[in-house]
Amino acid sequence: MDKPKKRILVVDDEASITRMLKLNLERTGKFEVMTENSPHHALTAAISFHPDLIMLDVLMPGKDGSELASDFQASPALKHVPVVFLTAAATKDEVKTHHGKIGGLPFLAKPVDLHEVIECLEQNLGG
Amino acid sequence: MRPDGGSMKTEISMIERQQAELARDESELRYRRLLAATTDYIYTVKVDAGCASATIHGPGCQAVTGYSSAEFTADPYLWYRVIHEDDRAAVVAQAELILKGETPQPLEHRINHKQGRVRWIRNTTIPHHDPAGRLVAYDGLISDITVRKQVELLLAAQYAVALELSERGSWAETMPKVLAQLCRKLLWHHAVYWRCEAGRLVREYGVWRAPLREADFEPPLVGMSQSMNEGLAGRAAKTDEAVWRADISTEPALTRNYPPAHAGLHCGCAFLIRINHAIAGVVEIYSRELQEIDERMLATLGTLGVNLGQFLEQKNSDAKLETERHLLRTLVDNLPVCIFVKDTESRFVLNNPAHMHLLGAATPQEVLGKTEQDFFPPEQAARSCAEEEGLFRTGQPVHDCEEPVRDRAGREYWFLTTKVPLRNAAGQVSGLVGIGRDITQRKMEAQALKLANTRLARRGKILKTMVRQLKASHKELERTQLQLIQAAKLESVGTLAAGVAHEVKNPLQTMLMGVDYLTDRLTQPDQELGGVLADMREAVKRANTIIRELLTLSANTEFQWVMADVNGLLERALHLAKSTLITSRITARLELAPDLPLLPIDPPKLEQVFLNVFINSIQAMPHGGTLTVRTRLLAMSETTRQQMLFGNCRGDEKLVVVEVADTGEGLTEEALLRVFDPFFTTKPIGVGTGLGLSVARKIIELHGGAIEIKNAPDGTGAIVTVVLKT
């Protein structure tokens with residue numbers, strides 16, 4: 001029996017990125033991906049989707065990723081859901097220097113390939 | 001009875017008597033002739049009971065008085081009226097003395113001649129007494145002394161004027177007195193002085209003698225002027241000689257413009273006052289009587305005119321001298337220089353206020369008769385004295401002698417002194433005149449100027465040295481300036497890159513994900529499609545590398561400082577480049593100094609720097625060669641070049657120098673200037689990012705170090721030098 005697919009919510013204002021991540025991740029058969037391009041609708045989407053992990057862009061118009069993460073933390077339904085940042089604001093060197101975490105939260109520096117994304121997701125989904 | 005001899009005696013007696021009578025007749029005749037010819041005459045007054053009862057005037061009375069004996073006999077009071085009214089009292093007094101029995105002194109007085117003129121007579125009386133001693137008559141001898149009296153009056157006037165002139169008063173003081181003396185001594189009544197001025201006569205002074213009163217005439221006449229042809233004065237000026245009239249009232253035209261002439265004045269005379277033959281003025285004198293003026297009087301008045309002219313000239317000259325003296329004194333007293341006069345014994349005779357101030361004296365009396373020894377230090381006084389002795393001996397002046405002077409209060413000055421001999425009328429040196437100018441200020445300024453010039457000269461030398469040094473450093477600065485320009489460009493690129501990076505990474509993310517997706521979708525092995533996707537993945541990674549390096553250029557790069565060994569770091573970097581070295585057939589040579597201290601550095605970043613440097617060097621040797629990596633420890637003072645790199649270093653600091661030398665072709669001049677510019681590259685397109693050395697320099701600079709690249713002096717390639725502070 002196949003493992004149940006992990007539910008991943010991808011929040012990024014760039015629709016091409018969310019679409020490519022959804023395509024690639026779902027093709028692995030391991031993930032069910034919901035995408036949200038508006039940071040303002042992200043909390044509602046998360047509450048309705050019940051994700052196992054949320055991938056968050058950092059710099060978005062209107063509301064940035066760290067604020068959204070705080071919102072998720074404040075929500076009883078989402079406070080235990082792991083968050084991975086996917087950002088263009090950090091470099092790979094910085095990711096390396098800080099051992100993949102900034103402010104205690106894991107993150108990926110754009111551009112990142114599928115292999116690294118899956119590795120990161122699996123690490124943070126706790127098996 | 002008379003004896004015979006008696007008749008003879010009688011005859012003789014008769015003859016004698018006849019002879020006596022003859023002689024008496026002749027004598028009487030002579031006497032009468034004498035009486036008729038003389039200006040003297042005798043009158044006889046018979047006295048009866050002490051009173052004059054009859055008077056008989058001798059025939060000579062007509063010559064003296066103009067009246068005949070018969071006229072005197074017919075008019076018993078004529079004799080009284082003939083006497084000048086001013087003298088009548090004196091004549092009456094004389095007669096009373098005689099009637100009292102006394103013999104008075106002869107009396108000189110004036111009479112009015114029948115023709116109106118005044119004449120002077122001398123009246124000598126001789127009393128006759130009867131045997132009882134009673135006065136029965138007296139004779140009077142009248143002598144006409146007019147001529148003598150006029151001479152006497154003239155002499156008296158001349159003498160009085162001479163006395164006034166000798167008083168040496170001013171012209172204004174003297175001239176009215178002279179006019180008054182003329183009136184008083186000549187017994188005339190009005191005198192006036194006209195000053196000759198610009199072709200006209202200006203009435204300057206007038207005096208009046210009783211019975212005329214000054215107050216009646218003088219006030220309206222003040223400042224009166226008339227032409228050179230008006231009045232007696234004008235006539236005299238016009239004709240250039242003295243003129244006179246016995247009675248001006250007979251010539252109304254002559255006195256028309258001069259009111260006093262109508263105040264009962266008759267005789268008038270004007271004589272000239274000359275200075276060197278030129279007419280300076282005219283004196284007019286008037287009498288209320290008809291007067292005779294003879295040549296003698298005119299000559300005397302002419303002499304007076306000359307004397308007055310000389311006096312006036314003297315006064316003019318005195319006034320001129322006084323003006324000059326006053327001018328000279330004003331100059332001497334007010335010139336801002338010390339002026340003094342000394343006698344031949346070097347004693348002060350005159351000192352101006354400036355010099356007295358220098359001497360510390362308040363009044364001339366404190367200085368007069370003293371010498372410099374009384375005021376100045378002995379050696380200074382002796383020097384001055386010796387100088388003056390020379391002047392007196394040779395008669396030669398001493399010009400512009402600069403000398404230090406110390407005054408009584410001990411203040412020091414510098415004076416520029418000139419001393420010239422003072423000569424008397426005979427040309428002998430009688431003293432000296434000294435002029436001293438205080439040049440202390442000028443002297444101080446000159447000294448200050450000299451000092452300033454010396455300083456200037458010294459500074460000039462320093463300046464020359466500095467200019468030389470500046471020129472030397474100028475070239476270096478030009479080079480540094482170019483580097484700074486490049487740094488500024490780099491700064492702006494870094495700022496831009498930070499903004500651009502974020503925007504570029506999102507599309508890169510999409511592309512990378514797209515490549516991943518397409519690769520996964522490639523179910524059939526397709527070499528061509530696989531190649532394209534691999535190139536695309538590589539392109540995305542290269543783009544990301546460029547972005548990363550650009551971001552490194554931004555100032556916000558964080559460093560992790562640790563004390564680390566540069567030699568070890570170099571070895572690790574070289575190891576990373578090992579495969580490239582082998583591929584490029586390049587031999588690496590390490591010449592590492594064993595005594596390098598640990599440095600505070602960020603090892604991964606410095607590794608990145610040296611890896612970049614190595615890669616660049618390797619790429620400069622496409623046909624193989626040798627890569628030499630050399631390290632050494634350098635004291636700051638040992639080399640100027642490194643000092644220029646670290647201008648703010650202390651002299652005792654040490655530097656670690658890393659040199660990476662290749663054996664390539666070296667760089668062009670342009671490349672040497674631009675090699676640290678972002679995106680500048682000499683490599684083929686696609687081979688390098690053009691950011692490697694820019695990033696390297698940024699990192700080195702953030703370590704407080706410097707990096708430069710030069711061609712090897714022997715033309716055997718390029719050398720990259722990195723200098724790091726210990």
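Is R110(B) buried or exposed at 9% relative accessibility? R110(B) counts as buried at that value, where buried denotes under 20% relative accessible area, exposed denotes over 50%, and partly exposed covers what lies in between, computed with a 1.4 Å probe on the protein chains only. The structure is a predicted model, in which local features need pLDDT of at least 70 and side-chain atom pairs count only at pLDDT 80 or more, whereas totals for chains, interfaces and linings use all residues. Residues are numbered from 1 along each chain as its sequence is written, chains are lettered from A and ligands numbered from 1 in the order in which they are written, and side-chain values use heavy atoms, with hydrogens and water left out.

Chain B comprises 726 residues, of which 40% count as buried. Its secondary structure consists of 21 helices and 23 strands, taken as DSSP runs (H or I of at least four residues for helices, E of at least two for strands) and numbered from the N terminus. Among the contacts in chain B with a separation of 6 or more, 58% are accounted for by residues 24 or more positions apart, a contact being heavy atoms within 4.5 Å.

Salt bridges were assigned where a side-chain nitrogen of Lys or Arg lies within 4 Å of a carboxyl oxygen of Asp or Glu, and by this rule the count over all chains comes to 46. R110(B) takes part in one of them, with D87(B) as its partner and 3.0 Å between the closest N and O atoms. Because D87(B) lies in the loop between α4 (78-82) and α5 (88-99) of chain B and R110(B) in strand β3 (residues 107-112) of chain B, this pair ties together parts that are 23 residues apart in sequence. D87(B), with a relative accessibility of 11%, counts as buried, as does R110(B) at 9%.

In chain A, a salt bridge is formed by K30(A) and E122(A), whose closest N and O atoms are 3.3 Å apart. This pair links distant parts of the chain, 92 residues apart, with K30(A) in the loop between α1 (15-27) and β2 (31-36) of chain A and E122(A) in helix α5 (residues 114-125) of chain A. K30(A) is partly exposed at 43% relative accessibility, and E122(A) is likewise partly exposed, at 36%. In chain B, the side chains of R195(B) and E197(B) meet in a salt bridge with an N to O distance of 2.3 Å; R195(B) counts as partly exposed at 26%, and E197(B) is partly exposed at 38%. A network of salt bridges, moreover, links E108(B), R122(B), R148(B), K149(B) and E152(B).

The size of an interface is often given as the accessible area lost when the parts come together. Between chain B and chain A the buried area (the accessible area, with a 1.4 Å probe, that two parts lose on being put together, summed over both) is about 2,000 Å², and carbon and sulfur atoms give 61% of it. At this interface, 18 residues of chain B are in contact with 22 residues of chain A. The count between the two chains is 1 salt bridge, and the side chains of D520(B) and R27(A) meet in a salt bridge at 2.7 Å, N to O. On the side of chain B that touches chain A, α14 (440-521) and α15 (527-553) of chain B each supply at least two residues, and α14(B) gives the most, with 13 residues. By class, this side of chain B has 6 nonpolar, 6 polar and 6 charged residues, with Ala, Val, Leu, Ile, Met, Phe, Trp, Tyr, Cys and Pro counted as nonpolar, Asp, Glu, Lys and Arg as charged, and the others, Gly among them, as polar.

Packing within the chains was examined at selected positions. In helix α3 (residues 65-74) of chain A, the residues G65(A), L68(A), A69(A) and F72(A) are buried. Because they cover an arc of only 105° around the axis, they lie on the same side of α3(A), the arc being that of the directions from the helix axis to the C-beta atoms. The buried residues of α3(A) pack against β1 (6-11), α2 (42-49), β3 (53-57) and β4 (83-87) of chain A. In chain B, S617(B) is placed in helix α18 (residues 603-619) and is buried, with a relative accessible area of 4%; apart from neighbours within four places in sequence, S617(B) is in contact with L627(B), V660(B) and D662(B).
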